[in-house]
Amino acid sequence: MTPAEPRTFAVPQERKVVTALPGPNSLALQARRVASVSRGAGTLANIYMERGAGAILEDVDGNRLIDLGCGIGVTTIGHAHPAVAAAVAEQAHKLTHTLFTVTPYENYVKVAEKLAEITPGDFEKHSILVNSGAEAVENAAKIARRFTGRRALVVLDHAFHGRTNMTMAMTYRPWPEREGMGPFPGEIYSVPISYPFRDGLTGEEAAERTIDYIETHIGPREVAAFFAEPIQGDGGIVIPAPGYFARIAEYCRDNGIVFVADEIQAGIARTGAWYSIEHHGVVPDLVTSAKGIAGGMPLAAVTGRAEIMDAVQPGGIGGTFGGNPVSTAAALAVFDLIEREDLIGEAQRVERAIVDRFGGWTSKYDVVGEVRGKGAMFGVELVLPGTRTPNPALLKHVLKYATEHGVIPLDAGSWDSVLRLLPSVVISEALLDDAAGVLEEAIESFQGVGEAGITPTS
Ligand code: PLZ
């Protein structure tokens, strides 16, 4: 059911550029920021935001920008949603903290009940709630190790799992995510993925390659868990070929390996399903959720088979702020909105609009190798003309041009060459059309010949 009345937004849903971008107030803030914030927290564009609604962000100079990134997939339901704001305000006046593992409260239980309902699989499921995606992945690893009594963690090439020491080691790219920040924990193995655009393999062939790697480098009886983003986010919207995950999940089952779907970026309605693993027809043992789950409030979760989740002794997992009353109130508002306003259907609408508007780019531009995605999660693979060689110089240019013209897309990919689109599922066709026009101007205005990144091998 879509809303009975057209949605109204506190900020008009239009792109409006009234100053150079970044504008004077942003530049003034940037000067203060350089003097006070670590440069390690690098930014895509130094445009300082003041407010947001739906798919529009308004900056401190009064410019309105089309947000195609949602702060990397977080504000799926739209910016500063009034229902979330009301739930947060109400809860903040009642109770902000007890620490669930000292004295519990109902919101935490309600979120766990809802997660058991919406995650794939028709069996008893239990959850823990934490603060961030990385914390969820790291807890999933701890739980899987405790359950299996095994040590090895398998991750896929091009994966992003977080920035804590363990999850940094589970993340593919050395630069800029890892360089100089080790040592890293052992027993983490990156294995070849299925990346149809680059390897041309069927799902079954790619799965056999992955399995062979595990057999010859690690040994299946050593493996506690296999971690997979069913649709990779930071890795470049890589969608393994049909059949890949079905075979991997079967292999995991046969070998007592816990199959973990990291749904932190692709989960919670973003891809036109509650969870993106549904597109692969696979039921994972554990699922991690974060980002879009609480409309911008920090919350993450691990949900999965009760016997796995309960393998840890009481007191073995926890944390001060995990599942705090306010973030869980926000999550309950988000779940309610997704159902009441059929935001899963809205994500499917966005998919149709993106395919319609961007799908022809592969024939229109010889620098566009592929446009792929699901729901409101798409990637545009930028290449050197007529090849499959990544074109990071073009991506850099497109991002600069777009942000200077009031559109905020994201970058992605191990070779920094995938233009990533993660708009809100409430974005209108008109805004998508306007944004696509700006991105086309960006591609067409590229003067460089394009520098190849490292030549991909898989
Ligand atoms: N797993 C699949 O996408 C976060 C990172 C932003 P946190 N991806 C965006 C940045 O620059 O650090 C992510 C993800 C997947 C885990 C994580 C980690 O989630 O909430 O950022 O810790």
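In the predicted model, an N or O atom in the side chain of R163 lies 2.5 Å from an oxygen atom of the ligand, a polar contact being a pair of N or O atoms within 3.5 Å. A polar backbone atom of G133 is placed 2.7 Å from a ligand oxygen atom, and a polar side-chain atom of Q265 is found at 2.8 Å from an oxygen atom of the ligand. Of the 500 Å² of accessible area that the ligand has on its own, the protein covers 80% (Shrake-Rupley method, 1.4 Å probe).

The ligand is surrounded by 14 residues, of which G133, A134, R163, D262 and Q265 are the closest; a residue is counted as near when one of its heavy atoms lies within 4 Å. This shell comprises four nonpolar, five polar and five charged residues, where Asp, Glu, Lys and Arg are classed as charged and Gly is counted among the polar residues. The model is a prediction in which local features require pLDDT of at least 70 and side-chain atom pairs pLDDT 80 or more, whereas totals for chains, interfaces and linings use all residues. Residues are numbered from 1 along each chain as its sequence is written, and side-chain values use heavy atoms, with hydrogens and water left out.

A search of the whole structure returned one cavity of 30 Å³ or more, a cavity being a set of points on a 1 Å grid over the protein atoms alone where a 1.4 Å probe fits but cannot get out. The largest cavity holds about 70 Å³ of space, the volume being that filled by probe spheres set on the grid points. Its lining (residues with an atom within 4 Å of a point) consists of H158, A159, F160, T171, Y172, R173, E177, D234, G235, G413 and S414. These lining residues divide into three nonpolar, five polar and three charged.

The chain is divided into domain 1 (24–67 + 342–454) and domain 2 (84–340), with bounds taken from an automatic or database domain assignment. The C-alpha centres of domain 1 and domain 2 are 26 Å apart. Across the boundary, 28 residues of domain 1 contact 28 residues of domain 2 (heavy atoms within 4.5 Å).

Definitions and conventions
1 Å grid on protein atoms, 1.4 Å probe; cavity = no way out; pocket = protein on both sides within 12 Å on 5 of 7 lines; lining within 4 Å. Polar contact = N/O pair within 3.5 Å; in protein donor to acceptor, adjacent residues only side chain to side chain.
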